[in-house]
Amino acid sequence: RIARRVGAAFVLDARDMWPDILQSELHGIKKILAYPLILTMRRQLKYASKAADACLGITEFFVDFLIAHADRRRGALDKSFALGFKDQREEFDEELALNYWHKKGVNLDSDTKFIYFAGRLNKTVFNAIDPVIGAAKELQNKKRNVKFVFCGSGQYADAVKNKCISLANMVFVGEIPPENLQILRQNSVAAIQPIENRKDYLNSLSNKFFESISAGLPVLTSLSGLTRDVVNENQCGLIYDSDNELYTAVSRLCQDDVLRLNLATNARSLFLSKFESSLIYGSYAEHLELILETSMIRDHGLD
């Protein structure tokens, strides 16, 4: 309504499935209690989708998600733009960063092989952590010099940590400043992406994925759908569907430097060619200008 009043173009850009995902994830009494709210949100989304000059999304799936709520055919202005990620390699004091990690019990200048994770320790991670625990147990039992370092906090942080309490090779360090994350990435052999196979995650690429490939880290993931397709097509990581498969993948990366270097090179090349933010958001800005021009011609006959 405001857009129409001030003569602005109105664009919807989807990166999640709210409120639909709530209905599929809630169960029992929670689902019953939330139903009036979900119904209201769905009506609001339908109203907004119908009113939008264009529906955009982070993947084709999310564009189609909005188009379905708009109850119309897809038009020329409806388009997907991947999430862009800024190349975050910056100068930092290496000695200070190493000392910081020493205090955390993570000796980056040792011969330990590190597996990197940074993100929210939420329900989606909790539901996907068991294969990681199983692989870590096997690595610990066989005295492999590998350590999983989990950076971040979240609602399920304590629950995840409690599951891993007997494992010395799974370390939880809380929130970490960006410059200290950078040196951890540089000293890791891979980044792990333990996320449950939920419909919205199957049809998108997460921030964790972009952060990993921007650092040239091979991606270890159990996700199916789009993430698995991208990893396989670009040979920028390894897939696991069980703790045994993850154990094998980690062992291969730690023992085969050629494999790890090839995957790392492919990951960095994929990032620079398709997901670096300046590439995506330059095109995004041009498309928004096209939407504005089209809406002005439609509403006012202006060119």
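Thr-227, which has its place in helix α12 (residues 225-234), is in contact with Gln-193, Tyr-201, Ser-204, Leu-205, Phe-209 and Thr-221 once its neighbours within four places in sequence are left aside; contact here means heavy atoms within 4.5 Å. Thr-227 counts as buried because its relative accessibility is 0%, where buried means under 20% relative accessible area, exposed over 50%, and partly exposed in between, for a 1.4 Å probe and protein chains only. Helices (H or I, at least four residues) and strands (E, at least two) are DSSP runs, numbered from the N terminus.

This is a predicted model, in which local features need pLDDT of at least 70 and side-chain atom pairs count only at pLDDT 80 or more, while totals for chains, interfaces and linings use all residues. Residues are numbered from 1 along each chain as its sequence is written, and side-chain values use heavy atoms, with hydrogens and water left out.

- Trp-101 is found in helix α5 (residues 94-103), and it counts as buried because its relative accessibility is 0%.
- Leaving aside neighbours within four places in sequence, Trp-101 is in contact with Val-106, Leu-108, Val-149, Cys-151, Val-173, Ile-176, Asn-180, Ile-183 and Leu-184; of these partners, Val-149 lies 48 residues from Trp-101 along the chain, with 11 Å between the two C-alpha atoms.
- In helix α4 (residues 60-70), the buried residues are Phe-62, Val-63, Phe-65, Leu-66, Ile-67, His-69 and Ala-70, and they pack against β1 (11-14), α2 (20-25), α3 (28-51), β2 (54-57), β3 (79-80) and α10 (199-202).
- Just after α4, Asp-71 takes a positive phi of about 55 degrees.

**Salt bridges**

- Side chains of opposite charge can pair when their charged atoms come close.
- A search of the whole structure finds 11 salt bridges, each defined as a side-chain nitrogen of Lys or Arg within 4 Å of a carboxyl oxygen of Asp or Glu.
- Asp-78 forms one of them with Arg-72, the closest N and O atoms being 2.8 Å apart; Asp-78 is buried, with a relative accessible area of 6%, whereas Arg-72 counts as partly exposed at 31%.
- Lys-161 and Asp-158 meet in a salt bridge at 3.9 Å, N to O, and they are separated by about one helical turn because they stand three residues apart in helix α8 (residues 157-163).
- In that pair Lys-161 is partly exposed, with a relative accessible area of 34%, while Asp-158 is exposed, with 52%.
- Asp-257 and Arg-260 form a salt bridge whose closest N and O atoms are 3.3 Å apart, and both residues lie in helix α14 (residues 257-275), three residues apart, about one turn of the helix.
- Asp-257 counts as partly exposed at 46% relative accessibility, as does Arg-260 at 25%.
- Glu-60, Asp-64 and Arg-74 are linked in a network of salt bridges.

**Packing of α11 with α14**

- The axes of α11 and α14 come within 7 Å and cross at roughly 115 degrees; axes are lines fitted to C-alpha atoms, for helices over the stretch in contact, and angles run from 0 to 180 degrees between N-to-C directions.
- Phe-209, Phe-210, Ile-213 and Ser-214 of α11 make the contact with Ala-267, Arg-268, Leu-270, Phe-271 and Phe-275 of α14.
- The residues of this contact divide into seven nonpolar, one polar and one charged, where Ala, Val, Leu, Ile, Met, Phe, Trp, Tyr, Cys and Pro count as nonpolar, Asp, Glu, Lys and Arg as charged, and the others, Gly among them, as polar.

**Cavity and pocket**

- On a 1 Å grid over the protein atoms alone, a cavity is a set of points where a 1.4 Å probe fits but cannot get out, and a pocket is an open set with protein on both sides within 12 Å along at least five of seven lines; lining residues have an atom within 4 Å of a point.
- Grid points are joined across faces, edges and corners, and a volume is the space filled by probe spheres set on the points.
- The structure holds one cavity of 30 Å³ or more, and the largest cavity has a volume of about 40 Å³.
- The largest cavity is lined by Tyr-116, Phe-117, Ala-118, Ala-191, Ile-192, Lys-208, Glu-211 and Ser-212, and the elements that give two or more residues to this lining are β4 (113-118), β7 (188-193) and α11 (207-214).
- The largest pocket has about 1000 Å³ of space and is lined by 39 residues, of which Arg-120, Asn-122, Thr-124, Arg-198 and Tyr-201 lie nearest its centre.
- The lining of the largest pocket divides into 16 nonpolar, 12 polar and 11 charged residues.
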